[in-house]
Amino acid sequence: MKAFSAALFLLATLVAINCHSQSATKAQLKNLTGDWLGEFTFEESRNTIMMAMSLSENTGKKGKGILNFPEFFNSSNSIEVKLENSQVLFNELEMTQGYEMDLNGKYLLSYVSADSIYGNYTDGDMTVTGEFWMKRKSKLEKSQLDKFERIQTASLAYYGLSLVKELQQSESSKDILEQVGKRQTKESDSFNQFTIIGRMQVNTVEVPIIIYYLKPEFMKFEFQIQNVTFYSVINQKEKWEYDPVNDKLKITPHEEQAKSEDIFSFRGSSYLSNLEDGYSIKSVKRSQLDSLSTYRIVMGKEEARITYFIDDQTLDIVRIDKDQTSEYRLKYKTIKGQRVPTVFLNIEANQKIRMDFEQIDFDSSVEEELFDIPAELLAKQKKEERAKDEEFYELGLQYLESEDYPKAIEHFTKAIELNSDITRYYQKRGEAKVSNGDYYGSIGDYTRAIELTPRSAVLYNLLATVKYKLKDYRNALPDYTKAIQLDSNYLQAYYNRAYTYANLDDIDNSIQDFRTLCRKDSTNANYFLNLGIMLAQNESYTEAINAYNYSLLLNGENATTYNYKGVSQFNLENYEEAASAFKYAIKYDSTSGTKFNNLGNTFLNLEKYDSAILSYQNALSIDAENDDYYNNMGKAYYYDESYKAAESFYSKAIAINGQDASYFDNRAKAKEALQDFTGAIEDYNISIDLYSTDPAIYYLRGLLKIGIHDYYDGCRDLRKSAEMGYEGATEAIKEKCTD
């Protein structure tokens, strides 16, 4: 049993029973013979249904019996009981009565005694999905036994009995399907239109009904309660329902609603139509349906199952099992040469609906207009929806502001469902989706908003920004441009486009956009800062410094601007000016290791090694895991001729990042200065393994090897360096590698 939605049990995840686990024995298996009653619990819903077991054949190694679930269509299946890996388990074998199930599960007993058993149920994927207990029937207290017997009696009366039997020896499934198929084909086009008058009983309440049908997709169902008429209608566009008591009209488009199959109908009942929908025949057997002898045809598609019960004498469909519902079609009459059921009975777990057709008229005229939503109902609903969509929108704004993005999306969606022509609903839902990480979903919303309001610069900017976040810079660019075309003073669009150009390596156009921004708003320090950044990327360092200076006139305490200015001065080799700028950067932001590192690099170029070391120490106090800072500290000590300290800091850099070849180059030089030539050569070896296309390292390793009299390998390294185009390698070969 696997599906409680299409067959019997799609069982939810089980919390294992906290009982004493035993190692099963043959004696325990033998003790299971007899009748047992108990309950099965579904974990996900925590619903509980009665289960009964009768175990007759039992050898101590294997046994056979029946499991019955009275509260699920009075269904039963045969089981095999056996020992497996020192555990008692039940395997499901085949259906014996009731609603069709997928028999792929196992019942694993975790506790077995003479009078009680407990266990878990696993589905076909071996996932534990249910729990159960049973007690020996003879050991139940009278109150428990009476309760179970009441359930069995009530279930039999409610669901009836449908025993599964094998075909007779003279029968073949092929012949039966052929007979039924001919009958289905004969009746498939029998009814083009009709009107039915009758009565419907829901549990104990009975009401008059009228049904109108018009081929191919029209069905109107009317019923009255206390002289008030309710409607459930399907036309070619939608399903609509009207509840006059609550004055509610519900409309469901066809793509969200199966068409006429949810109303009692003659359509959708042919197993041939299901074959066309991808179903296949799973089994053909017999069934004793209460007192009626029938054929039982089971069809399946993936997990779905449909079971047809066909009167073996008349070939009338007398019951269809589908979607946890048994639909009976009874008391057939022959009208105009066609067999027509006059009683429909729908049985579900908690509801029984019976319809008796007192009059069936195939000659009445039924027009399409009969199935349309009345204009007065439609107008009233639209008026109510217009007021309600704003309510959902306002709630969506509140959730958006409180950063509950899923709730915001939900309420904006409800507003859109009620009124799909309001731009701001899509815009705000798009914003909520962006904040929730659904960039692709937001693109759809912004695109729809633009369709509604095509001259909105804001919407084009929002759409482009999502594409930018997705790094789709080429497609973001035309949207930013469109926003600027629609509003030439839309500064945010210029700013965004400038960085889009930059990400496309079009620095010239990025600079142009930032110049435009600076011209349109000469009071914005950030525009001048970003202009400087782009000019510096274009190696126009002097112009970049001018832009930084103007930015600092507007905001003289911006550490970032001073830092960028220092970098440009550094690149111009104006080290004193660079040091001054970095000091100001640190003055306004002493929490940045990068700024201390930049100042240290500047002091290094000014040969102020003590100051450089102090700056690097400050950088490391902020970020003690930065390999670049350790490497730079090593350089400072190396240039200060403190080679042991240099080697130590290079080693720390390598410990953090062992993939940077330059760290090994630097440590090799420190080791060489310490006369550790072998260690230096080892570091050069690692460097070449990491980055084999640097001719300088072959050159340095070659000289080092020659220095320790390894002329053969040393000269080979020099020749390799010369082949790679390194200046000086050829002269070194002439000088040191002569025969």
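**Entry 1. Salt bridges**

A salt bridge is a side-chain nitrogen of Lys or Arg within 4 Å of a carboxyl oxygen of Asp or Glu. I worked throughout with a predicted model. My search of the whole structure returned 37 salt bridges. I noted the general principle that side chains of opposite charge can pair when their charged atoms come close.

I looked up several of these pairs. In the pair of arginine 497 and aspartate 513, the closest N and O atoms are 2.8 Å apart. The pair links distant parts of the chain, with arginine 497 in helix α11 and aspartate 513 in helix α12, 16 residues apart. I recorded both arginine 497 and aspartate 513 as buried. I also found one network, in which salt bridges that share partners join Glu43, Arg46 and Glu131.

I then turned to aspartate 445, which forms a salt bridge with lysine 433; their closest N and O atoms lie 3.1 Å apart. Here too distant parts of the chain are linked: aspartate 445 belongs to helix α8 (residues 439-452) and lysine 433 to helix α7 (residues 423-435), 12 residues apart. Aspartate 445 and lysine 433 are both buried.

For glutamate 241 and lysine 239, I read a distance of 3.6 Å between the closest N and O atoms of the salt bridge. Is lysine 239 buried or exposed? Lysine 239 has a relative accessible area of 9% and is therefore buried.

**Entry 2. Helix α13 and its surroundings**

I examined helix α13, which covers residues 525-537 and has 13 residues. From its first C-alpha to its last, α13 reaches 19 Å, close to the 18 Å expected at 1.5 Å a residue. How many of the residues of α13 are buried? I found 11 of the 13 to be buried, so α13 is largely enclosed by the rest of the structure. Among them are Tyr527, Phe528, Asn530, Gly532 and Met534.

I next asked which helices the buried residues of α13 pack against. They pack against α11 (491-503), α12 (507-520), α14 and α15 (559-571).

**Entry 3. A surface patch**

I located a nonpolar surface patch of about 310 Å², made by Tyr550, Leu553 and Leu554. Leucine 553 is placed in helix α14 (residues 541-554). I classed leucine 553 as exposed because its relative accessibility is 71%, and the cut-off for that class is over 50%.

**Entry 4. Alanine 415**

I found alanine 415 in helix α6 (residues 405-418). Its relative accessible area is 0%, so alanine 415 is buried. Which residues does alanine 415 touch, not counting residues up to four places away in sequence? I listed Asp389, Phe392, Tyr393 and Tyr425. I also looked up the separation between the C-alpha atoms of alanine 415 and isoleucine 697: these residues are 282 residues apart along the chain, and the atoms are separated by 67 Å.

**Entry 5. Strands**

I noted first that in a regular strand the side chains alternate between the two faces of the sheet. I found 4 bridges joining β9 to strand β16 (residues 280-289), and the two strands run antiparallel. Opposite valine 164 stands serine 287 in β16.

I also looked up threonine 325, found in strand β20 (residues 325-335). Threonine 325 counts as buried because its relative accessibility is 13%. Leaving out residues up to four places away in sequence, threonine 325 touches Phe73, Tyr99, Ile320, Asn346, Ile347 and Glu348.

**Entry 6. Positive phi values**

Most residues other than glycine have a negative phi. I recorded asparagine 74, which has a positive phi of about 50° although it is not a glycine. Where is asparagine 74 placed? Asparagine 74 is in the loop between β3 (62-69) and β4 (75-84). With a relative accessible area of 8%, asparagine 74 is buried.

I recorded glutamine 675 as well, a residue other than glycine with a positive phi near 70°. Glutamine 675 lies in the loop between α21 (661-673) and α22 (677-690). Its relative accessibility is 55%, so glutamine 675 counts as exposed.

Definitions and conventions. Residues are numbered from 1 along each chain as its sequence is written. This is a predicted model: local features need pLDDT of at least 70, side-chain atom pairs count only at pLDDT 80 or more; totals for chains, interfaces and linings use all residues. Side-chain values use heavy atoms; hydrogens and water are left out. Two strands pair if DSSP finds at least two bridges between them. Patches are made of residues with over 30% relative accessible area and no salt bridge: like charges are joined within 9 Å, nonpolar side chains (Val, Leu, Ile, Met, Phe, Trp, Tyr) within 5 Å. Accessible areas come from the Shrake-Rupley method with a 1.4 Å probe; for residues, only the protein chains shown count as cover. Buried means under 20% relative accessible area, exposed over 50%, partly exposed in between (1.4 Å probe, protein chains only). Contact means heavy atoms within 4.5 Å. The expected span of a helix is 1.5 Å times one less than its number of residues.
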